[in-house]
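Open the model in your viewer and keep the sequence panel beside it.

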Amino acid sequence: MKKVNVVAAIIIRKDSDGKKYVFATQRGYGEFKDGWEFPGGKIEAGESPEAALEREIREELATQVKVGGCIGTIEYDYSTFHLSMKCFACQVVSGKLELLEHENAAWLTRENLHSVDWLPADVTILDAVEKLLKE
């Protein structure tokens with residue numbers, strides 16, 4: 001089975017009251033169109049996961065992020081490929097998270113994290129994301 005190595009940004013923001021939110025995007029194309037995911041993409045040859053994530057967020061959302069620590073690696077078998085996805089906590093440095101490839105986006109709280117139809121691989125990191133939103 002083909003293995004695909006990708007990275008995902010768990011972009012967290014805090015409002016003035018200290019409530020935390022995570023940024024989720026809805027795919028606008030391809031086999032998984034309309035599914036919700038954490039933004040990111042494929043790691044190119046010779047690229048570190050962190051550099052790949054910075055590049056992908058620039059390309060998909062016209063935004064610069066600061067990549068923090070890895071909060072988990074998802075290993076998931078789809079029907080036609082194996083996905084290995086490193087998920088990193090991120091913060092926006094500059095930009096407005098413009099949707100250049102996605103059809104929709106939402107800032108979700110811990111309380112409504114499960115209110116969107118997540119892609120199967122992304123579901124497996126939600127427990128770790130909930131912990132980040134609680135801290």
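Start by selecting glutamate 37, which counts as buried because its relative accessibility is 10% (buried is under 20% relative accessible area, exposed over 50%, partly exposed in between, with a 1.4 Å probe and protein chains only). This is a predicted model, where local features need pLDDT of at least 70 and side-chain atom pairs count only at pLDDT 80 or more, while totals for chains, interfaces and linings use all residues. Residues are numbered from 1 along each chain as its sequence is written, and side-chain values use heavy atoms, with hydrogens and water left out.

Glutamate 37 sits in strand β3, residues 36–37 (strands are DSSP runs of E, at least two residues, and helices are runs of H or I, at least four, numbered from the N terminus).

Now show side chains. Which side chains make a polar contact with that of glutamate 37? One is arginine 27, at 3.3 Å, and another is histidine 102, at 3.1 Å. A polar contact is a pair of N or O atoms within 3.5 Å; within protein, one must be able to donate a hydrogen and the other to accept it, and residues adjacent in sequence count only if both atoms are side-chain atoms.

Move on to leucine 97, in the loop between β6 (81–94) and β7 (102–108). Its phi is positive, near 50 degrees, in a residue other than glycine. Leucine 97 is buried, at 12% relative accessible area.

Finish at alanine 62, in the loop between α1 (49–61) and β5 (64–77). Alanine 62 is not a glycine, yet has a positive phi of about 50 degrees. With 33% relative accessibility, alanine 62 counts as partly exposed.
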